[in-house]
Amino acid sequence: ELVAIDAAIAAGQSVRGVARRFGISVDAVRSILREVRARRLVGREVAYVYNPQFEVPGAEGIVMASLPDEGGPVNGRPRPPRDLPPYLQELYRFPLLSAECERHLFRQYNFLKFKADRMRKCIDPQEVADDVLDEIEAVLAQADAVKNKILKANLRLVVSIARRHVGYSSDFFEAVSDGNMALMRAVEKFDYARGFKFSTYASWAIMRTYPRTIPEQRYAAVRLVTGVDE
């Protein structure tokens, strides 16, 4: 019944209509929807790179504070290569991150997921209030927003590596697509506390995908790149 009621709401039926259809009260329908929502949150995978700093008293105030240069450009904004398609040239509108800002954003991203994970593990799906679920979902949405900042600042790295490996051959767009997926996985696994630059780690992760994307004979002649070309 939980699944059927949730499916009916998802299909666009009103709460009152569903209540009439199943012969239960409006409050009962809302309670069931709340439980389904809670169970989804509990069952959702929330992976993060743990850091002991997350459990220090006052950690949230420190981690979530803004940096003066957050999102600011580093060495200006380089001009995109003229031979890139317009939608790829748009990637150069997003500034590179300073080392300090990069660490700050990765710390925020993982802390927010750590916080949401701790919160959801404390809920009882049959007893939880809507405002608690709202708060957990808001924290996860905040984490996604931070992740998008990191991705936007590094998408040009994928294009740069793809160009160096395959040029504008028929493999280029497939290489960019595979590289974007590798970049997203790298964001999930990167440990900022080790002191490495994310671009170095991400470059390695992106290039690992290319034996599947680039014909073997071409890949054998490629010189590996571990940095950005801006």
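## Fold at a glance

Helices here are DSSP runs of H or I with at least four residues, and strands are E runs of at least two, numbered from the N terminus. On that basis the elements of the protein run α-α-α-α-α-α-α-α-α-α-α from the N terminus on, with 11 helices and zero strands.

This is a predicted model, where local features need pLDDT of at least 70, side-chain atom pairs count only at pLDDT 80 or more, and totals for chains, interfaces and linings use all residues. Residues are numbered from 1 along each chain as its sequence is written, and side-chain values use heavy atoms, with hydrogens and water left out.

## Burial and contacts

Of the 230 residues in the protein, 41% are buried (under 20% relative accessible area, with a 1.4 Å probe and protein chains only). Take contacts (heavy atoms within 4.5 Å) between residues at least 6 apart in sequence: 73% of them join residues at least 24 apart.

## A look at Asp6

Asp6 sits in helix H1 (residues 2-10). Is Asp6 buried or exposed? Asp6 is buried, at a relative accessible area of 15%. Setting aside neighbours within four places in sequence, Asp6 touches Leu33, Val36 and Arg40.

## The second largest pocket

The lining of the second largest pocket counts 10 residues, and Ala182, Arg185, Trp204, Ala205 and Arg208 lie nearest its centre. (A pocket is an open set of points on a 1 Å grid over the protein atoms alone where a 1.4 Å probe fits, with protein on both sides within 12 Å along at least five of seven lines; lining residues have an atom within 4 Å of a point.) Helix H8 (172-189) and helix H9 (198-207) each supply at least two lining residues, and H8 gives the most, with four.

Notes
Buried < 20%, exposed > 50% of the residue type's maximum accessible area, 1.4 Å probe, protein only.
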